[in-house]
Amino acid sequence: NGSGVQVVDARQRNHMSRNVDLMAGATWRDPDHVGEWIAELSPGKPVVVYCAWGFDVGRNVAKTLIERGFDARFLRGGISAWYAAGGARALRPDAG
């Protein structure tokens, strides 16, 4: 449910322009600008990162966070796997 962890939606900007939903409890962050938003994360709280399909984008963001000292993991299969498993969805705040 996202409590106890920080959930980062790291789908590419062009993917987000075509989708209005994200994982419940997640915040979208542009994966191409990790250096700009990393300071907004709490270093003492674990981070779960996902992208669309759980390949390079999510893994690379998680790797960057780990290299900067965060307890970070990526969601294997991405948001597609989350939805296939019945995971909760939410509308992006700017999609309303």
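Select R59 to start: with a relative accessible area of 35%, R59 is partly exposed. (Buried is under 20% relative accessible area, exposed is over 50%, and partly exposed is in between, with a 1.4 Å probe and protein chains only.)

This is a predicted model, in which local features need pLDDT of at least 70, side-chain atom pairs count only at pLDDT 80 or more, and totals for chains, interfaces and linings use all residues. Residues are numbered from 1 along each chain as its sequence is written, and side-chain values use heavy atoms, with hydrogens and water left out.

**Stop 1: the R59 and D56 pair**

(A salt bridge here is a side-chain nitrogen of Lys or Arg within 4 Å of a carboxyl oxygen of Asp or Glu.) Both residues lie in helix α3, 3 residues apart, about one turn of the helix. (Helices, H or I of at least four residues, and strands, E of at least two, are DSSP runs numbered from the N terminus.) D56 is partly exposed too, at 48% relative accessibility. The count of salt bridges by this rule is 7.

**Stop 2: G58, in the helix**

Stay in helix α3 and pick G58. Is G58 buried or exposed? G58 counts as buried, at 1% relative accessibility. Show its contacts (heavy atoms within 4.5 Å). Not counting residues up to four places away in sequence, G58 touches V49, C51 and F74. Now draw a C-alpha to C-alpha distance from G58 to D9: the two are 8.3 Å apart in space and 49 residues apart in sequence.

**Stop 3: strand β1**

Colour residues 6-9, strand β1. Both of its faces are covered. Q6 and V8 are buried on one side, V7 and D9 on the other. Which strands pair with β1? β4 does, in the parallel sense, over 4 bridges. β3 also does, in the parallel sense, over 3 bridges. (Two strands pair if DSSP finds at least two bridges between them.)

Select V8 and look both ways. V49 stands opposite V8 in β4, and T27 is the bridge partner of V8 in β3. Step to D9: Y50 in β4 stands opposite.

Go on from β4. It is joined to strand β5 (residues 72-74) by 3 bridges, and the two run parallel.

**Stop 4: charges in buried places**

Select D9 and R11. Their side chains meet in a salt bridge, 2.6 Å from N to O. D9 is buried, with a relative accessible area of 0%. R11 is buried as well, at 2% relative accessibility.

Next, select D30 and R13, whose side chains meet in a salt bridge at 3.1 Å, N to O. What does this pair tie together? D30 lies in the loop between β3 (26-28) and α2, and R13 lies in helix α1, so the pair links parts that are 17 residues apart in sequence. D30 is buried, with a relative accessible area of 7%.

While in helix α1 (residues 13-16), pick H15. H15 counts as buried at 14% relative accessibility. Leaving out residues up to four places away in sequence, H15 touches A52 and W53.

**Stop 5: the nonpolar cores**

Select V47, V49 and L65. In the largest nonpolar core, of 13 residues, these three touch the most other members. (A nonpolar core is a set of buried Ala, Val, Leu, Ile, Met, Phe, Trp, Tyr and Cys residues joined through side-chain atoms within 4.5 Å.) At least two residues of this core come from each of α2 (34-37), β4 (47-50) and α3 (56-67). Which element gives the most? α3 does, with 3 residues.

Centre on V49. Beyond its neighbours within four places in sequence, V49 is in contact with V8, A10, G58, V61, A62, L65, R73, F74 and L75.

**Last stop: R89 over Y83**

Select R89 and Y83. The charged end of R89 sits over the ring of Y83, 3.6 Å from its centre. (The rule is NZ of Lys or CZ of Arg within 6 Å of the ring centre and within 35 degrees of the ring normal.)
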